[in-house]
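Please keep the sequence and the model in view while reading.

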Amino acid sequence: MLKYPCLVLDHDDTVVQSEATVNYPFFCYILDQFRPGARITLQEYTQGCFHLGFADMCRQWYGFTEQEIEDEYHGWQEYITHHIPAPFPGIERIIRRQKAEGGSICVVSHSCIQNITRDYSAHFGILPDDIYGWDLPEALRKPSTYPLEQIMAKYGLSPQQLLVVDDMKPAWEMASKAGVPIAFAAWGRKDYPEIMAEMTWLCAYSFDSPGALERFLFDEV
């Protein structure tokens, strides 16, 4: 019997290594287009997304209008069609084992359906059972509990039958409000000691590699 019938996986920097290679470089380009002369480091970008979420970082730090946020999103959609991030070593085994043993894989992410399905198809040859991403209205994206409520209702699961796996604070906010346990995907945040410390303290579990998570999920101790 699976420890968690449903794994709720984040995408960026939990399953694929996309922040430094895709999302941050594109945001630097957009920032130069929308706010010439403005600059942001990778560290600042990560901290902003962690504490505020991407959209509010754009609003609060750079005064993006709602139209600019929409334009950034459409430009990003085009950019990611030509930039495919690599998966973290070992994450494929978790996804395949969860499915092989009759469990579900749901994705709750600030990426969109287009690139999540592309990455799963390209790297794993399978698709998630459900995706709740940036395509949703902003009020329904994480940290809203809407994705978890929909997943539990669809599959008839209790909060304790789900495990959220994520590297950023909005997921903890979502999971804690819904009563769902969360595991910190620390393998994507080893260069950020403040994030490591805060998420390790907040989350029920913390794993420094996909292999460690796999052993926990499938009782390989």
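## Cavities and their surroundings

About 430 Å³ of space lies in the largest cavity. Its lining consists of 23 residues, and those closest to the centre are Asp12, Asn23, Cys49, Phe54 and His110. Helix H1 (19-34), helix H2 (42-51) and helix H4 (66-80) are the elements that give two or more residues to this lining. By class, the lining of the largest cavity divides into nine nonpolar, five polar and nine charged residues. Here Ala, Val, Leu, Ile, Met, Phe, Trp, Tyr, Cys and Pro count as nonpolar, Asp, Glu, Lys and Arg as charged, and the others, Gly among them, as polar.

The model is a predicted one, in which local features need pLDDT of at least 70 and side-chain atom pairs count only at pLDDT 80 or more, while totals for chains, interfaces and linings use all residues. Residues are numbered from 1 along each chain as its sequence is written, and side-chain values use heavy atoms, with hydrogens and water left out.

A cavity is a set of points, on a 1 Å grid over the protein atoms alone, where a 1.4 Å probe fits but cannot get out; lining residues have an atom within 4 Å of a point. Grid points are joined across faces, edges and corners, and a volume is the space filled by probe spheres set on the points. Helices (H or I, at least four residues) and strands (E, at least two) are DSSP runs, numbered from the N terminus.

The structure holds two cavities of 30 Å³ or more. The second largest cavity has a volume of about 40 Å³. Its lining includes Asp12, Asn23, Trp76, Arg118 and Asp119. H1, H4 and H6 each supply at least two residues of this lining, and the largest share, three residues, comes from H6. Four nonpolar, four polar and three charged residues make up the lining of the second largest cavity.

The buried residues of H2 are Tyr45, Thr46, Gln47, Gly48, Cys49 and Phe50. They pack against H1, helix H3 (54-62), helix H8 (169-178) and helix H9 (193-202). Just after H2, Gly53 takes a positive phi of about 85 degrees.

One aromatic cluster is formed by Tyr24, Phe27, Phe34, Tyr45, Phe54, Trp61, Tyr62, Phe64 and Trp134. The structure holds 19 aromatic pairs. The ring centres of Tyr205 and Phe207 are 6.4 Å apart and their planes stand at 25 degrees, so this pair is stacked. Rings of Phe, Tyr and Trp (its six-membered ring) pair if their centres lie within 6.5 Å; planes under 30 degrees apart count as stacked, over 60 as edge-to-face and the rest as tilted.

## Selected residues

The table gives the relative accessible area of several residues. Buried means under 20% relative accessible area, exposed over 50%, and partly exposed in between (1.4 Å probe, protein chains only).

| Residue | Relative accessible area | Class |
|---|---|---|
| Asp119 | 0% | buried |
| Ser109 | 1% | buried |
| Tyr4 | 8% | buried |
| Phe207 | 9% | buried |
| Leu157 | 16% | buried |
| Tyr205 | 30% | partly exposed |

Asp119 is placed in helix H6. Its side chain makes a polar contact with the side chain of Arg118 (2.5 Å). A polar contact is a pair of N or O atoms within 3.5 Å; within protein, one must be able to donate a hydrogen and the other to accept it, and residues adjacent in sequence count only if both atoms are side-chain atoms.

Ser109 lies in the loop between strand E2 (104-108) and helix H6 (113-124). The side chain of Ser109 reaches the backbone nitrogen of Ser111 at 2.8 Å. Beyond its neighbours within four places in sequence, Ser109 is in contact with residues including Asp10, Asp12, Tyr132 and Trp134; contact means heavy atoms within 4.5 Å.

Tyr4 is found in the segment before strand E1 (6-9). The C-alpha atoms of Tyr4 and Ser104, 100 residues apart along the chain, are separated by 9.0 Å. With residues up to four places away in sequence left aside, the contacts of Tyr4 include Leu162, Tyr205 and Phe216.

Leu157 belongs to the loop between helix H7 (146-155) and strand E4 (162-166). Not counting residues up to four places away in sequence, Leu157 touches Pro5, Cys6, Met152 and Leu162. Between the C-alpha atoms of Leu157 and Gly188, 31 residues apart along the chain, the separation is 29 Å.

Methods. On a 1 Å grid over the protein atoms alone, a cavity is a set of points where a 1.4 Å probe fits but cannot get out, and a pocket is an open set with protein on both sides within 12 Å along at least five of seven lines; lining residues have an atom within 4 Å of a point.
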